[in-house]
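Hi everyone, thanks for coming.

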Amino acid sequence: MWVTGFLRFARETHHPSPITLRGIRVSCCALLLLAGGGTAAQVPADAYQPVPGQPGKDVVWIPTPEDTVEKMLDMARVTSRDYVIDLGSGDGRNVIAAARRGARALGVEYNPELVALSKRAAAAAGVSGKATFVQGDMFESDISQATVLMLFLLPDHLSRLAPKFLKLRPGARIVSNTYSIDGGWEPDDSTRGEPCTSWCVAMMYVVPAQAAGAWRLADGSTLTLEQQFQKVSGTLDVDGIALPLENGRLLGEEIRFTANRVDHTGRISGDTMSGSANGRTIRTWSATRTESGEK
């Protein structure tokens, strides 16, 4: 009965009204998981039991399928080297799943009862040493050390957080369930579960390095770059001739572009970058930023 009722609820809330819902948050009802399912099934029966759809400070609480959680982790290629943060972590299943892969993980949740529930679930799963949960406001949280963010928030929440996302270290991955970041930032990858009814699409955004500005190459030519998230445009000025760039793209610190039919690939490290140029021959190149393009 609960499964049937929940599926009906999920369908009805797949496109929530902004008048009735301030936000939406992926979580899962830990004590209502099927036997043999998620981590929180071992939580004592008399513990706090959240109800799908219950309101929160900025979001409502809606479960996310376990397979979607795993797809998000796969997409971000989470390993023991990562520090994963979930904002609005609900019952903690994203955090616990990341910790099971060896990553350090943090869940930020405003509801103290959900925080307590998450801690019990982490203990039951044997990952308390890797999974940490704190009570707090997701908009005020320090995410600067994250290498991966796992999120299920509405576009307006994601857009509000986007300036903080862009300050993460280049190469950090932001994986969003169902909703995209508005404002022109396109996902670098996406996946869709099949069959897909609700909450089964994941999109990944890789934080790009700051490439905009004027760069002086070792051969004396000038590279002028403009940047819109991971998209790069501009010119390569050689002996007074400005060659337009084509196919400019960033993936974290990695940059690629074509100028005068020569394909350039390289890596940005602060105000320096270097790589190889593949035309009639393959040669190396390097550049130093002489003028920042940040506004």
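This is a predicted model: local features need pLDDT of at least 70, side-chain atom pairs count only at pLDDT 80 or more; totals for chains, interfaces and linings use all residues.

What is the order of the seven strands in the open sheet? Reading across, the order is 5-4-3-6-7-9-8, and the pairing is mixed. At the edges you'll find strand 5 (131-135) and strand 8 (189-192), each of which pairs on one side only. On average, neighbouring strands of this sheet are turned by 15° against each other, ignoring direction.

There's a helix to look at here too. Helix 5, residues 155-165, lies across strand 3 (83-87), strand 6 and strand 7, and runs at about 175° to strand 6.

Next, please move along to the hairpins. Strand 10 (residues 213-217) and strand 11 (residues 222-228) run antiparallel, with four bridges joining them. Within this pairing, Arg216 has Thr222 of strand 11 as its bridge partner. Four residues sit between the two strands of this hairpin, where Gly220 takes a positive phi near 95°.

Strand 11 also pairs with strand 12 (residues 231-238): these run antiparallel and are joined by seven bridges. Here Leu225 has Gly234 in strand 12 as its bridge partner. And which residue takes a positive phi in the hairpin of strand 11 and strand 12? That's Phe229, near 55°, in a hairpin with two residues between the strands.

Terms used:
Residues are numbered from 1 along each chain as its sequence is written. Side-chain values use heavy atoms; hydrogens and water are left out. Two strands pair if DSSP finds at least two bridges between them. Axes are lines fitted to C-alpha atoms, for helices over the stretch in contact, and angles run from 0 to 180 degrees between N-to-C directions. Contact means heavy atoms within 4.5 Å.
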